[in-house]
Each structure stands twice: as C-alpha cells, then as structure tokens.
Amino acid sequence: MTMVQQKPENTVSNGLTLQQKEEITGWLMALPAMLLLFTFLLLPFLGAFAMSFTNQRLVSPNPTEFVGTSNFVDLLSLRIFTLEPVRDETTGEVVRDEDGNIEYPRLRTFTRNNPEYPQLDGMQEWRSWQTGETRTVLLATDVLFWTALVNTVIFVVVVAPLQGGIALLLALLINQKLMGVNIFRMIYFMPVVVSMVVVSLLWRFIYDGQNGLLNSVLSFVTFGLFEPVDWLGNPETAMGALIVMSVWQGVGFHMVIWLAGMQTIPQSLYEAASIDGAGAWQKFRFVTMPGLRNTGILILIVITMQAFSLYTQVQVMTRGGPVDATQSLVYQAVIRGFEQQNIAGGSAISVILFVIVLIISIIQRYLTRERSA
Amino acid sequence: MTAKTITDEQRQRNEKLDIIGRYALLIVVALIFVLPILFMIMSSFKPDDQLLRDTSSLRAFLPVGDLSLDNYDGAFDRVPLGRFIFNSVFVTLTTLGLSLIFNSMAGFAFAVLKWRGRNIILTIVIATFIIPFETIAIPLLLIVNQLPWIGLNGFEVGWLNSYHVQIIPWIADSLSIFLFYQYFRDLPYELVEAAKIDGAGFFRIYSRVFMPISGPVIATVAILKFLAMWNQFLWPLLVVRTEELRPVMLGVDYFFQLNVAWGEVMAYLSTITIPVLIFYLVLQRAFIESVASTGIKG
Amino acid sequence: MRMKKLVSLLALVAVLALGVAGTSAQDPVELSLWYHGAGNDAERSVLVSIIEDFNASQSDYVVTLEEFPQESYNESVTAAGLSGDLPDIIDVDGPVMPNWAWSGFLQPLEIDETLLENYLPGALGYWNGDLYSVGLWDAAKAIFARQSVLEANGIRIPTLDEPWTLEEFDAALVTLQETGEYDFAFDPGMAWTGEWYPYAFSPFLQSFGGDLIDRETYMGAEGVLNGEEAIAFGEWWQSLYDRDLAPGTSQDGADRETGFIDGRYAIQWNGNWAALGALDAFGDDMLFLPAPDFGSGSVIGAASWQFGVAATSENPEGANAFIEFALQDQYLADFSVATGLIPATTTAANLTENYAEGGPLSVFFQLSAEQGLIRPPTPGYVVMALEFEKAMADIANGADVIDSLDAAVDAIEDDIEANSGYGF
C-alpha cells in the first residue's frame, strides 16, 4: 500500500525508481575511470603477478614455463648455519689470529660445490654473530633482496616521521602573522616542483667528497675545522645522504598540507585557551595537535607509500652502492626486470612489495578507524 | 612613571628583537631550500670550467665571473626544445583536463551515490595506489601494443609512438579519485537533497552543485597531476620512437655524452623547471588555501 | 541510378588503387635507421652526409634517420623489440650484439666479405659463426700521462713491447701519490658507471689471468672470475682505494673529465675519444701508454658501436646495401676526424691526420690492433657486465674480495642457467 503511494513521487519519466536511477548513475559515473584503472593499472599488475610464477625473460627465444613459487623461494630462503672454529690438529685448541680473534673456516668451503652440504649450495652470508666459540651465520639465497628489503624499511621508518615532523615545524614557522610570510611559503615549496631526477643530479654536486658544496659550506661555517666527508661514497653516510635529500625535496608539500589543516582549527578555541591561561606550548599540545590528528594520518600514509617506492634517487646517485648501502626494493625490481632481463624475478619483488605495503595500510586503516569510532 | 616608560621601551625593543629573530630563522631555512636551486640557475650562466671550479666554494651560488647565455644557446642547439616543450605541455594539459573530469566523476560516484559494489571497488582502487609504476611498466607496454585505435590512418592495432599512448593510461589515477572522494564525502548532503527537490539529476548535481565549490581539491589534484606528468621519463622512453613526440625529460639524456657539458645541462634543467614553477604560482592560492580540506577530514 | 553509382564507385576505387600501385612502383622503399647519437652534433653530421650520399647514389631506397640519446638507447631498442616495431637498420654496441642476435632482434649481415679483409678485428661483430654487425670505427684505451711528470719522478716510460709490470706500475702510483702534488695518482674512471666498468676494467682482470667467463664453454665463471688470478686482481684493485691512490665510486663526472687536465690526477685510464682534449692541454708532453702487463700480457677492450640489420626488416637487401655503402674508407675517416675514434681500416687511418702513420694518435691504432680483446661474445654478457660492475664497485668500497667475486659468479651462472645456456 505504502509502496503504491510512494511510487508516483519517486518514479522518473523513464519509469525507473530514483533508487534504480542512482544505482545506474553511480555505475556510469565511476565506469570511465574504473575501466581505465583496470586496463592500465590493474591488468598490468595482474600480468606482473602472473609472470612472477613463471621463468619469463624480458627478451628470449626460449619458451616461457610455469615454475610455481620458485622465484619467491629463491628470494625468501633463509638458513641458519653454525661454524665451528678452526682447531689445531694436534692440540685440538682453537686457533686465533694475531689480534686474538677466533679463526673460522671460510664459509665458501661449505657453500660452493661441497657435496656434503648440498642444501647450502649457492647461499651467501647475510648476517652472522658469535656465541661462545661458535659463529652462527644467517645464510640467504638472495642476500641482495634482503639487503634491499631492510634498507627500504629503514628508509621508510626514518623518512616518514622525519619528513612529517619537519613539515610540521615548517608549517608552524610559516603560520605566523608576519609580513611577507607568503614569499617564504613559496620558497619552502619550491623543491617540490623540481623533478626528482633533476634534484638527484644537482645533489651529486652537493655531496661530492672532493670539492662538493656541502663540504665547502660546512668548512666555511666551522672556520675550516670540518673534515670533508665523501657523503655518497661511504657506506655509513650514503643512506643518510639520500634520506636528507629526499626530505628536502618532499617536505614542502607536506608542510602545505599541515598548514591547511591548521587554518581550519577555529580561532575561538585558541581564544578560549588564552582565557584559561594556556601558554604557547599548552595551546599547541591541547588545541593544535588534536585538531591536526586526521591531517597527520593522511600525511603519514602518503609519505609511507612514496617512501616505499624509493627508486629515482638510487638510480641517479648511487646505483645501490656503496657496498649495497642504498639498495632498495623497487631499484632491485627494475635492475632485474629491465637490465638483467629477468622480468619474472623483478615481478616477484614487485608482488612482495605490494603485499608488504598492503598489510601496512590495512593495519594503518584498522588503527585509525578504531580510534575515530 | 619613569619605570613604566622604560618597560614600554623594553617591551618594544624585545618585540623588535623577537621579530628580527623570527625573520632570521625564516631566512636561514629559506636558504636551505633555495641554495641548490640557486646553484642550478647560477651555473647555467657560467662556462663549464668556471662552473666546476666554483663548486668548491660559495661562489657556486653567486652570479660572479664570466656570465653569458652561451649555455642556453648550446642547449637549444642540442635539443629541439620548442618541440619537446610543446609535447610536454600538450600531453600534460590534456591528461590533466581529462583526469579532472574522470576522477572527479568517480569520486562523486563513490562519495555521494549508492550503488552495489561501491565499497569493494573503492577498496580495490585505494589498494592500487600502492603499485609503483616501474614495476608494471613492461606488462603495460605489452598491453598498449595490442590495443586498437582509430586515427587519421584508419583502424590500426597498437598505440605506440603517439600522443594518446602518453595520455590515456595516465588519466585515471587512484590518488586523485581518493582525494575527490574525501572532499565530496564531507560536503553537506543537504546540497544533494536541495538539488533533488529542484528536480536536478545526479549528473547535474555533480556538475552544477559540487564541482563549482571544489576549487581546493581541483587545484590539489591539478598540481599533483601536472608534476607527475611533466616529470614523466620511463614511460615515454618505452613507448615513443620518434623525436617529434618526445617530452622534455627525455631531453636530459641528450646531454650525457662522454664529455658532459654541465653548463648546458644546468641551462636545460633550469628551462624545463620554469614552466612548472609558473603553473604552481598560478594555482598556489587555491592550492594552499586547502590542500587542507582534503587533508584534515581524512 | 543505383547501378551507375556503384560502377562509378568501383571505377574510383580502381583509379585509386592503380594510382597507389603506380606511385609505389616508382617511389623508393623507405629504410629506417636508428642511431645512438642524439645530442651529439659531430656524429650526426657525418652520419647524415653518408645517408644523403647513399640516397643520392641509387633510387631503390631512401634511408631515414631516427636518433636516440646514448644513455637510454638500449632500453629504447629493447622496448621496440618487445613490441615488434624495430627499424630496418640498428646501431648496436659491439658487446651487446650477441644478446640482440640471440633475442631475435638482428639477422646475419649479407655483405661482401672482401670489403672486410683490412678490418680491425674489434670492428667486426661475429656470433655463432655469423657476421651480425660491423663498425666504422673502434675505440681503444691507454694510460694518459705526462712525460715531464714521469721523468721528474724517475718513472720509466713504458713501450708497446715493454709495458709496465704490476710491480712497476704500482710503485709508480705510490711514488706519484707521495709527491703530494695530486689528489690521486691514478684515475681509473669510477665516475663512469655502467658498461664502462667491464669495458675498462675487465682487461685488467684478463691481464692478471682471469676473465668474466670461461671462454671455452661460455657456460660458467667458477674458477675464472673467482679463481686465484681474479682474487689477486681484486685484492690489488681494493688496495688502490685503501691506499687512496685512486678516487672511488663517488667521483663525480666533472672530476673525471677535468681532473687529469687540471693536474689533480697524475695519470688516467681513458679512451682515445678523450685524447684530442689532452693533446690540446699538454701538447708534446702528452703520452698515451699501453696498459700494464699484469702477468698475462697487456689487454684492452675492443668493439664499439656497429651497424646491424633488424630481423624484422622487410628489406634486408636495402639495409645491407646501405651498410656496405657506409664502409667506404672516406666515411671511416670522416667519422674519425669528427669524433676522434679509430678508423676501422689502415687505409682509412692513413686518410686522417691523427691516425696516419706517425700521427699523434697512431699509437691507438696499434694498441687496438695488437691488444684488443673483445668482451665475451655471448648473450649473457649483458648480465656479466652488470655483475662485474657491481663487484668492482663493491670491492673498491671495501667489500670482501672473495665474497664479491663469488656473488658475481653465482649471479652470472644463475642467469646462464635461467636462459638454458644461451644456445651454447
């Protein structure tokens, strides 16, 4: 009865209910973008996913074969191996070198063509530690992959809070009521519009160990006390150098997001806080920070995603070196897929990266959803 | 009496000092951001040997020594710059325009309209945001090579070496959709109700009610898209064969011969960065005024 | 009425078809040529003049040129190979050729072999017994040094017959470093990443007695790239950087280009393309010395850019005709004059001022003829090059020598296995 009564109201000229119309319009409006996303993003990703289970080469006259999970097994295999110290054949005592360090047999005597240890064949040392007289070695089939994975995680874990935090400080700095502050806002944003390729080329001059600009500036500021550092040539400093440059390039963008967030906090809240006798820090702590919570979440998510795809800086500045200090997952995926023509291996890395980031974003969404509920 | 004037003077002096301090801090930070870019621009006017010598001192940032436009002459001789800039501007702006339409429509559909499958599809869209382009470039190349096209030469298969292969794959993107979705979702639903009563259809609500008040998110998406498209490198490298269709970033490689002409490199880099700066300056007001409104409501 | 229309339509179609057929019979066939020289005017002008001469010399074919920047040329060709739109004539880097031939990008050349009798071996690209590519020039490397500097430090000037030994060379570097006049005694060129590493440094390895791969079978590198000789080389290589005798991987490209000329590096390992600049700077004082003999003779890398015919070309006769046409001594000499590269024949060398007998660069021609060793002619070279580059960089940066070489061997052998032996 009610249905019948409602019908004339909700029926549109072509005989569809408003609900049906909304359904159809929704589909139609989403469809063009969804078709494009499907064809140019999802489909190639599914292609890469499928390839990661084959032995597909970039170019090759050989037929492609399904190889199951062997690409993933090669990437992920780890094994623990214990090395016993070298003992003097007659006395049975542990042999030590001149510094008093225990000597061990070289690992390659076990991992290379040793029929007694077939399971170790082709594995390399990734990490090792000493307990008592024995040395425990963590072996990996693909040390490079693990190094790249750890480096990428380090990059993300350092860059996300650092870049977000500095961006917040800059936003506070810019959020003052001073004349000409807009000009500074523009200047801080400038690196964002410069392409990462260009930035990386420029910063090679800045980081140069012989006559680089950074060394010159530091030496100038410290009246010549500063000892020049080969920033990109030293395994200790190379990743740090990439991090600083990446933050420099991207921080302006996130500053602007923070800034916009601050401007939406009602002025009345600050006035009320003043009346309650709150100082600058208390205002920041109890008015600004809570008001920026959602902004902060968005910024962290965006930086995390960007940081996981670390590639251009590595490609232009260090090519993964020195001694793998700046290897990254995407860089390895590209090197293998394009340069080594091992598109299956490269795709397997992409799939692993996708799964990692997916898990992180699910966790992120879960945590943020719970609190806002 | 006297005591009070002194405190007034002191307070004024303190205020002055405070303001000077604030500006000093702003300027020092500004230097950090501007110096590398200044180095690029100053170097573009210097001959190679001086440029390289200057990198070991603060002269690198100063317009000193033998300055000229020779590097610009050389760079424009080496690369068909006019053509490359035209290509980049054309590809970037076309993608940008289509991208704003398609992605905002999708964002509207996800945020305002109720339809079956909406949530699951939205989740997939957001997940695709994670895929780095480098890792799907080759499968994508193989796909576009199989797609049909009807152009001036009639029906053909394969999109390679064209403008459309540089444009169409980049129109839809999940981050843009997500930003539009967030913005639209937080606009008051009464807008929809009111328009419905006036007899407006959903598409009309989208185009006449929502889009006109979405300046900030449009500006945000426009700047992000402009930057991404202008800086395209790997994709055009894979799909463009002829020089007439190459964008500006492919020109950078023209300079890396065995003996790199660094002055010309700097001149070229400065030249291709300027259009982006201009685009940003044009949009920055709308942009900064609320990247926000997309951000804070996350 | 309707019939009339149909007839006239048919007639129109026929006229059009005839017209098309007619014109195609008269019009020459278009041959596309891809070249790696975008941004390099000197090479372009010579190549364009060859193309113009060829187009004018006959009426069957018209060659059109498409240029790509060298930095990303290989990627462009690979992408085109994947999508099946290669040109007719491809310019290919000598050591990469076997990979492209094996991948089915190239077909064997069919040119008159008598034209090639006088050729530097490095300019001829053979794989699997077939000639796939031929170059108009070769490149050679030498030790760049100044006579006055060596004499002032009591260092013997080596000759082609009697090059420096390992001990002599190493002692010379130490002496030069100890003068304190140089940032570094020796500049091997670590700034030039990529294929320069195997091109420039694998000859050192070979001179020590190692190699990138076992050239008997092309199936493995165990004991060759990580054998005793290779380890000895790796340890010496690492010591160059440990003792600060050479700038490491963080050297920037600008220092590489100007360091020797500005007197910040005492001696430099460089190619003949850089020779003219050095001669300009130092004139008669400039020496181009043969590579040291580290035990198994002096070795330098051979093979540079060459021309081949795409497997997909519909007009291989035309493509071959063009390549044959380009092999004239005059063009070889023109290229050499424009770029400083070594003409591929003695007769062409004699047409140039620099490489004619007694010319200032003629030493390079001898070096190329006597010491040139091509990089392993196998499709797997592409991966070997990357692995060797990584090992050299890692070792220079202090990684364990044996582990680094082992890792390279494993990666190379895995790649060969994954490609079912690359047809060997």
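Let me start with chain C, which in this predicted model has 16 helices and 15 strands. Taken along the principal axes, the C-alpha atoms of chain C fill a box of roughly 100 × 50 × 40 Å. Of the 424 residues in chain C, 58% are buried, and if you look at the contacts in chain C with a separation of 6 or more, 74% of them are accounted for by residues 24 or more positions apart.

Now the strands of chain C. Strand 5, residues 124–127, and strand 6, residues 130–134, pair in the antiparallel sense over four bridges, and one of the pairings you can look up is that of Leu124(C) with its bridge partner Val134(C) in strand 6 of chain C. These two strands of chain C form a hairpin with two residues between them, and in the turn Asn128(C) has a positive phi of about 55°.

Let me move to chain A, where three strands form an open sheet in the order 1-3-2, with antiparallel pairing. Strand 1 (78–83) and strand 2 (124–131) of chain A stand at the edges, and because each has a single partner strand, one side of each is left without a neighbour in the sheet. From one strand to the next, the twist averages 25°. Within this sheet, strand 2 of chain A is joined by seven bridges to strand 3 of chain A, residues 134–140, and the two run antiparallel; the bridge partner of Gln130(A) in strand 3 of chain A is Arg135(A).

That leaves the contacts between chains. Which part of chain A gives the most to the side that touches chain B? Between these chains, 71 residues of chain A are in contact with 69 residues of chain B, and helix 2 of chain A, residues 18–51, gives the most to the chain A side, with 21 residues. By class, that side of chain A has 50 nonpolar, 18 polar and three charged residues.

The contact of chain C with chain A takes 30 residues from chain C and 29 residues from chain A. On the chain C side, helix 3 (73–83), helix 15 (381–396) and helix 16 (401–418) of chain C each supply at least two residues, and the largest share, six residues, comes from helix 16 of chain C. The side of chain C that touches chain A has 10 nonpolar, 12 polar and eight charged residues.

Key. Residues numbered from 1 in each chain as written. Chains lettered and ligands numbered in written order. Predicted model: local features only at pLDDT ≥ 70, side-chain atom pairs only at ≥ 80, totals over all residues. Contact = placed C-beta atoms within 7 Å. Nonpolar A, V, L, I, M, F, W, Y, C, P; charged D, E, K, R; others polar. Buried ≥ 20, exposed ≤ 12 C-beta atoms within 10 Å, placed from the backbone. Pairing = 2+ DSSP bridges. Axes fitted to C-alpha atoms, helices over the stretch in contact; angles between N-to-C directions.
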